[in-house]
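The sequence and the structure come first.

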Amino acid sequence: MTAAPQLATAPVQLALEQRPEWTDWLRSQLDPQWRAGEWDAEQWLFTGDLDSPRTSSSRCRTLRCDAIIRNPASFCNYCRDHRLKSGLPREEFAATFVPDRGQSLRGQVSGQCTITRDGIRCVRPQASNGLCVAHTGSFRYHERRGTLDRWLRELVKPITEELICMVPECSGAAMNSRGLCNYHWRAWSAANRANPDHRVPAEQWASAQPPYLAAHQFTLKLLPELLRWEMRYALQQMDQWVRVLEPHWVRGITRDLADARTLLDDTNTARLNKPHQAAVRTLNNLTSAIHTGYALFTGAKPADEDVIDLRVLGLRHAASGKRRQYPGTVDLRLIPQLWLRHALRHWVTTARPSTEDFKRTLRAARIASTALASRMDAGHDPAVLTFTDASAVVDAFRTALRKDGTPYSSSHRRTLNGMFFQLIDYGRRTGSLDELAGPFTRVPVEHAIRIEEQDEDMLGKAVPESVIRQLDAHLDTLGTGPTYGCRDIADEARHLLYRTLYTVLRDTGRRPLEVVSLPRDCLQTHHGQTTLIWNNHKRKRLRRRLPITQATTQAIRVWQARRDQLHLPARGDAYLFPSLTALSGAAYISSGYLSEALRQWVDSLPRLNAEGVDAKGNPLPFDRTLIYPYAFRHSYAQRHADAGTPVDVLRELMDHKSIAMTQRYYTVSLKRKQQAVTKLSAHVIDQTGQPAPCTPTAYEMRSVAVPYGGCTEPSNVKAGGGACPIRFQCAGCGFYRPDPSYLPAIEQHINELRADRETARAMDAAEFVITSLTAQITAFEHVTDRMHRRLDALPAAERAQIEEAATVLRKARAGENHTLLPLTASPKAP
C-alpha cells in the first residue's frame, strides 16, 4: 500500500533534479507553428479563433449580441432568458432580437460615457445607462435627493484622465479611479465581499491576477517556469488527440495548478476546485501527454511498456477517421502470457489498427489467455503449445460470454476467433512469434464456429404493426428532447429531421446507414410513381431504386424544403441528412445519433402495449429494447410477407442477392401453422358455398393441392396438384374446398378471368369460350360472397382471429418452394 505514493513521486523528484535538461528538452519539442494565429508564444497567451471548429467557443447566436460563449451556435444567458420569455423559434429570435442591457458585457464595454460639456466628452467606459461608474454613482445620488436637474446643468463634469487596468498584461480601460477594468473591478469587489474582514487593496490584489480572458482564451504566464513549459508541451500533444480544444477548462486547470510544481505529479487532480468530468478528462490528457514525453526524454519507449497509451500511438476510429480516446490507456499485464502480450504489443505498434479492431482483438486475446491459463502448463512457454491447446482456445470462443454473463452472438464469437488467429498469423509473418510451436494453429474445418440460424420468424427483430401504430400516435414528441449531436439547429428543425428519418426507416425498410446517407436529391418521379434513390453500402450496389408511397414522398419533400433553409457545413451539401456540425466525422448525420434519438423517444413514451393480454385480460407491456433502427427493416419485410407479396418481388424490394434470405420472412413456425389450421378448418366451404368443415389433419392433407383452396380429389392430392382432370376450373369441381385464407388469391383470379374475357371478346372468340369464362367468374364470385357473409356474421374478436390465421397460412404458402396450379399443367390432362 506504500509503494504507490513512492512510484508517483519518484519521477517528480527526478524531473526536478534534472530540471534544466528536462526544460531544454521540452523547448526543443515545441512546434513554433502550433495554433498559428491563436498562440502568442511571447505572452504565453492562447487567444483562440471563434471561427475554428476545433475550439469550443463561439459568439452568441443572436445577430446583434457580441457575447462570447462556450457552446457553439447557442445563446448567452441574457439572450436565452429573453428567448424563453418570447416563445419565438430560435432562428426568428436570433434574427430579430436586439439586446438592451443595463450593464456592459462581462469583460467588455458598451462604449464611451455619454457625459459631455463644452465639447469635451468623458473618456471612461460605459457601465450602466450610457454612464461610466463614477457618473452613474453621482446620477443615483442626486436622483435620490431631487437635485438631478441642477447636477446635469451645473455640477457634472466629464473625466478626461484615461487609465489602463493595473492587472499585468490586461489592456482593458479602467472603470474608475481604482484603476481596474470592468472584469477585474467586479472580481475584486466580489473577493472583498466574500472576505470583508481581510479586504485587499486594489493595487496588491491586481499584481497577482491574470489578464481578462474570454471563453476562448487562456494564459500560462502566471505558472511556475517548469510547469509552464510542461503545460505548453502537453497542450501541443493533446491537441492531436482530441477533436475540440476546450480553452475554458484549460483556463480553470491553470488557475488551480498555480501552486503545483510539475504535471508529472499524479496527485494534481486533488487540486481542482471544481472536479467536473470535463476538467478531470482534460487534466488526465495533459498528464498522460507529459508522462509520455518524460519517458521519451529518459530514453524509454512507450510502445515497449506493458501499459500503453493508444492516443500516443495515434490509433484512429475506422468509421470517421477521427482520433478517439477509447480505449485510451491499456494495461497488457492483464494477459499473463508474456509471448501473447508481446505479440499484441508488436501488432498494435506496427500495424496501427483502428481502435475498434484493437478493442475486439484485445478481448479475443484475453479470452484465449484465460483458456491457456487453465491448461496444465498455463501456456507460458510458446514452444510447447500443441494443436490441442489451439482447440481449447477455439472452444473458449464457442462459449464466450459478455460481461453481464449472457453469450455473445455466434457471428461475434466467430469474429473474435478469427481476430485472435489473425494476430497469431501476423506475429509469425513479422517474426515476433518465431518461438511459437507450429502445431498451435487453426484448422478451418475443425475450428470453425458456425453461425446459428434463428428460427421462429426471427422473433424479436420486427417491430409489430400494432406497436408501430402506437409509435405513430406520439410522433409529435420525437426529437424534442436534449438529443446529443443536434444542438446546432432549431428545435422545430430537429423534430422534423428525426421525424423524417423515422418515416423513411418505417416506410422503406432500408438499413440505418442507407437512410442517413441518402443523397439530397433522392426522389425521382416517372408517370406519377415516385422512387427513392439509395445506396446499398453493404453489398456495394449504388443508385438503387425503391418505389415509395405518396405519404413517404411528401414527408421527404417537406424536410428537403426545410433543409434548404438551414445553414449547415458545406461538406454535407450532397446529403439529405447532413452532419449538423463541422466537428462530425462524416458528411452525413451519424446513425448513432439516430439510434440515440429513437431510444430517448421510445423510453419517454408513457406506455407501449404488446399484442397479447395477461390472464386478467389486461394488455401486456411491450419490451422497448426491441425497438431500434434496424428492427424497422425487418418490420418492412414482415409487413410485405404477411400481406402475401410474392417472394421474388420482396427479394427485389429488400435488394437481397439470394432468394433464400428473403424466404426466411415467409417461414412460419409449426406451432403457429397448426393453430391457424385449427381455426380455419372449421370455416371450409364447398364449391356451392355450403359449409364443409373438416379435421385439421384432413385440411393439412389437401392444403397444398391447388392455389385457390383445398382439394380432396385423391389422385390430385397424391400428385401434389398435378393430376387435375379439369385443370384450372376449381369453382366447378365437387372436390373444391376453399377457406378464408384463399380470399385474396380468389379475388385476384376473378380479376384475371375478367381480363381474359375482355381479351377474348376483342379477339372475336367463339361464344362458348366467353360463356365458360363468365361461368367461372360467377362461380368464384359466389364462393367469395358466401365467405364474406360468413365472416361478417362472426363476432369482431373471432373475425380478427380468423383473419390472423389466414395471414399465417398465406405467409406459409408463399414461402413454399413447390409449384402450384395453375402454373404447371398436368401431363395426363387431355
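## Arg506 and Asp507

In this predicted model, a salt bridge joins the side chains of Arg506 and Asp507, with an N to O distance of 2.7 Å. Arg506 has a relative accessibility of 14% and counts as buried, because the cut-off for buried is under 20%. Asp507 has a relative accessible area of 21% and is partly exposed.

## Asp306 and Arg345

The total number of salt bridges is 25. One of them pairs Asp306 with Arg345, whose closest N and O atoms are 2.8 Å apart.

What is the relative accessibility of Asp306? The value is 25%, and Asp306 counts as partly exposed. Arg345, at 13% relative accessibility, is buried.

## Arg360 and Asp357

Another salt bridge links the side chains of Arg360 and Asp357, at 2.7 Å from N to O. Both residues are in helix H14 (residues 355-373), where they are three residues apart, or about one turn of the helix.

Arg360 has a relative accessible area of 27% and is partly exposed. Asp357 is also partly exposed, with a relative accessibility of 27%.

How values were computed. Residues numbered from 1 in each chain as written. Predicted model: local features only at pLDDT ≥ 70, side-chain atom pairs only at ≥ 80, totals over all residues. Heavy atoms only, no water. Salt bridge = Lys/Arg side-chain N within 4 Å of Asp/Glu carboxyl O. Buried < 20%, exposed > 50% of the residue type's maximum accessible area, 1.4 Å probe, protein only. Helix = DSSP H or I, 4+ residues; strand = E, 2+ residues; numbered from the N terminus.
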